[in-house]
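Here is a walk through one structure. Please keep the viewer open and follow along.

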Amino acid sequence: MSVALDADRMGRTLTRIAHEILERNRGVEELALVGIRTRGVPLAKRLARAIHEINGHEIPTGALDITLYRDDLMRTAVGAQPVIRKTEIPFSIDNKSILLVDDVLYTGRTIRAALDALIEFGRPRVIQLVVLVDRGHRELPIKADYVGKNLPTSQTQSVQVHLMEVDGRDEVEIVG
Amino acid sequence: MKKDLLGIGDLTPDEIYRILDTTEAMREIGQRPIKKVPTLRGKTIVNMFYEPSTRTRTSFEIAEKRLSADTLSIAASTSSAQKGETLADTALNIEAMAPDMIVLRHASSGAGHLLSRLCKSRIINAGDGMHEHPTQALLDAFTIREHKKRLEGLKVTIVGDLLHSRVLRSNVLLLTTLGAEVWVCGPATLLPPGIERLGVHVSTDIDEAVADADVIMMLRIQQERMHGAFFPSTREYFNTFGMTRARLKHAKPDVIIMHPGPMNRGVEIASDVADGPYSVILEQVANGVAVRMAVLYLLAGGAEGD
């Protein structure tokens, strides 16, 4: 087990991403953050806070649960269904620049499901992807626009993201 | 969860809470511009309704469509039951066309259990005779929990035709399992023998039963199942057991009034109560769709030990 990002590095990484977002998107008025449950949601809120600290703008933030859009949902005949939680997007996404936020980018299947889920709420002008960690091993043609840290891993390893809001501490570690 | 949902008796408290929590998430889908998710794409669901039903059948059909299942509904009046085919034979024929789930409403208690033994499809009981109506009890519990934020410790009073009511049985099983204090009230002729063994308080005095109630659930007088004189007249029934504004005063100030429908206005409930500020009757109907989506989703995933 090794620590890939500690609390301090994680905080600075998110601030850096917030700056990158502002650099690439001129008009902040049309920006909105949507976090993928579970850990994308606190990350989206932190980015909103970081952007607010930089230029004083309030970016609307939503939460997306992608469980019902997963492509492996009905393929496992055994075992209980995954728990679904609420999707909360309290604003119109039409013509917005949506920043989709997740903790780890791996096969790309979660993002595929999230895109399906998101476009049912409207037609954003553009969707960009923000991830804290990109660990490689894509199975779909998906690429992140903003990456906190590229983390080369083997498929037998597992990347675990811990966030204060969910787990009581900020840390990314590689297990196995 | 087990393969089928035949009654509340088959569910553990954890499974009940799981269904209620899933319902919370499902309800949000009904508020979207596009009220549909692809979850049950490619699944076939057959709704077999051997008894008249508006609410339950519409509710199941909408729930199935919101989850993208392929659905069809059979009403007894237009099926080969009219030609004398038995339920078992009809079920085996439908089973031969390989549906994934069957939703059954039937006048005989235990009809769902019969199908469960015959069919590999998952069976959901949408009301079997005088036995159980599990999804109704689940949507009632969801509605209560939403208003009261809890179920345990609440005084829930159920008034009406207790003898013929599958809604009563499912609700008593669910509410007592989750720790509510359940009172049942109705004319002595409509009290099922041995009902006190289900852990409920029994009363034939409506004022006693309603006193300090958090929730009052009115049950329909089921004329179609009454083959005997259970009370002198519907007017006398209303005078003795009907829910009126005057009677409501004995309940808690934030009491909610429920009714599984269809209502007999002026028989078990006065119109000004049914349409009044305490009534959550239409909320129950709205929540019904989300509860059924939750049940369909959780059953579709595969039973433990399957």
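A residue counts as buried if 20 or more other C-beta atoms lie within 10 Å of its own, as exposed if 12 or fewer do, and as partly exposed in between, with C-beta atoms placed from the backbone. This is a predicted model, in which local features need pLDDT of at least 70, side-chain atom pairs count only at pLDDT 80 or more, and totals for chains, interfaces and linings use all residues. Residues are numbered from 1 along each chain as its sequence is written, and chains are lettered from A and ligands numbered from 1 in the order in which they are written.

Take His131(B) as a test of the burial rule. It has 21 C-beta neighbours inside 10 Å, so His131(B) is buried. The residue sits in the loop between E4 and H5 of chain B. Such labels follow DSSP runs, with helices (H or I) of at least four residues and strands (E) of at least two, numbered from the N terminus. Contact has its own cut-off: two residues are in contact if their C-beta atoms, placed from the backbone, lie within 7 Å. Leaving out residues up to four places away in sequence, His131(B) touches Ser109(B), Gly110(B), Arg166(B) and Arg169(B). Trp183(B) lies 52 residues from His131(B) in sequence and 19 Å from it in space, C-alpha to C-alpha.

Now chain A. Four helices and eight strands make up its secondary structure. Their order along the sequence is β-α-β-α-β-β-α-β-β-β-α-β. The radius of gyration of chain A is 16 Å, close to the 16 Å that the globule rule gives for 176 residues, so chain A is as compact as a globular protein of that length. That radius is taken over C-alpha atoms, and the rule is 2.2 Å times the number of residues to the power 0.38. Along the principal axes, the C-alpha atoms of chain A fill a box of roughly 45 × 35 × 30 Å. Of its 176 residues, 37% count as buried. Among contacts in chain A with a separation of 6 or more, 70% join residues 24 or more positions apart.

Chain B is split by its domain assignment into domain 1 (8-132 + 288-300) and domain 2 (134-284). Such bounds come from an automatic or database domain assignment. The C-alpha centres of domain 1 and domain 2 of chain B lie 25 Å apart. Across the boundary, 20 residues of domain 1 of chain B are in contact with 18 residues of domain 2 of chain B. Which elements supply the domain 1 side? Helix H1 (13-29), strand E4 (122-128) and H11 of chain B each give at least two residues. H1(B) provides the largest share, five residues. By type, this side of domain 1 of chain B has nine nonpolar, seven polar and four charged residues. Here Ala, Val, Leu, Ile, Met, Phe, Trp, Tyr, Cys and Pro count as nonpolar, Asp, Glu, Lys and Arg as charged, and the others, Gly among them, as polar.

Next, the interior. A nonpolar core is a set of buried Ala, Val, Leu, Ile, Met, Phe, Trp, Tyr and Cys residues joined through C-beta atoms within 7 Å. The largest such core has 135 residues, and Val34(A), Leu47(A), Leu100(A), Val101(A), Val159(B) and Ile216(B) touch the most other members. Helix H11 (residues 281-300) of chain B gives this core its largest share, 11 residues. At least three core residues come from each of domain 1 and domain 2 of chain B. Beyond neighbours within four places in sequence, the contacts of Val159(B) include Cys185(B), Ile206(B), Ile216(B), Leu219(B) and Phe241(B).

Finish with the backbone. Most residues other than glycine have a negative phi, and most peptide bonds are trans. The peptide bond from Arg37(A) to Thr38(A) is cis, with omega near 10°. Thr38(A) is in the loop between strand E2 (31-36) and helix H2 (40-55) of chain A. Another cis peptide bond joins Gly261(B) and Pro262(B), with omega about -10°. Ser68(B), which is not glycine, has a positive phi near 70°. With 16 other C-beta atoms within 10 Å, Ser68(B) is partly exposed. Lys149(B) also has a positive phi, near 65°. Lys149(B) has 7 C-beta neighbours inside 10 Å, so it counts as exposed.
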